[in-house]
Amino acid sequence: MRQPALPDPCPEWLASLDDAALHRALLERVEAAWQLCRHYHPELPRPKVWCDLRGKCAGQAHYGRGGLRFNPVLYRENRHAFLVEVVPHEMAHWLVRHLSDGRQARPHGREWRTVMERLFGLEASVTHSFDTRRASPTPYRYHCGCQAHFFTARRHSLARKGRRYRCLSCAETLVYQSFVEHEKHATNN
């Protein structure tokens, strides 16, 4: 594997940044990645940048909005890895999409892997290994015959509107157990 094309940010420096400075560091990293991509595709439009992504996803190239979205919670907790891995990952999507045949390319297909490996000098990793518990809370408890399941607010809302979910282990329909019910059940045992 080649040397990474973008400079390695100092982890100590990153750890010392407040939220405003951290946001500026993200914007600077996106700019550096975009400039690198423009050496190979000069017409590549500059992506807008938002830190409004929620859930387990670290980043997203959003073509409809014309830019890149990042998860602020995962960024705050994984600063170095985020700048080194996630920004180039999303910028590679941005570049591939804007190539002449980019609309036909698979999201993590040959073109994207080539950009990651040859342009950015990074391993073409599709997923991250960040701890997503704080970024994607799952406060709604459901149960079946064999275990507890925890839902996000979105999945809970769908279940309350009638969507049925089954356990992959025992195949029973999952039933909502409110926090009060859970506490009552736990104290009676």
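**Exercise 1.** At what angle do helix α4 and helix α5 pack, and how far apart are their axes?

*Solution.* This is a predicted model, in which local features need pLDDT of at least 70, side-chain atom pairs count only at pLDDT 80 or more, and totals for chains, interfaces and linings use all residues. Residues are numbered from 1 along each chain as its sequence is written, and side-chain values use heavy atoms, with hydrogens and water left out.

Begin by locating helix α4 at residues 79-98 and helix α5 at residues 110-119; they pack at an angle of about 125°, and their axes are 9 Å apart. The angle therefore makes α4 oblique to α5, where angles under 35 degrees count as roughly parallel, over 145 as roughly antiparallel, 65 to 115 as roughly perpendicular and the rest as oblique. As for handedness, α4 passes α5 in a right-handed crossing.

**Exercise 2.** Determine which residues make the contact of α4 with α5, and sort them by class.

*Solution.* Taking contact to mean heavy atoms within 4.5 Å, α4 contributes Pro 88, His 89, Ala 92, His 93, Leu 95 and Val 96, while α5 contributes Glu 111, Trp 112, Val 115, Met 116 and Leu 119. Sorted by class, the contact has eight nonpolar, two polar and one charged residues.

Note on methods: Axes are lines fitted to C-alpha atoms, for helices over the stretch in contact, and angles run from 0 to 180 degrees between N-to-C directions. Helices (H or I, at least four residues) and strands (E, at least two) are DSSP runs, numbered from the N terminus. A crossing is left-handed if the near helix is turned anticlockwise from the far one by less than a right angle, and right-handed if clockwise. Ala, Val, Leu, Ile, Met, Phe, Trp, Tyr, Cys and Pro count as nonpolar, Asp, Glu, Lys and Arg as charged, and the others, Gly among them, as polar.
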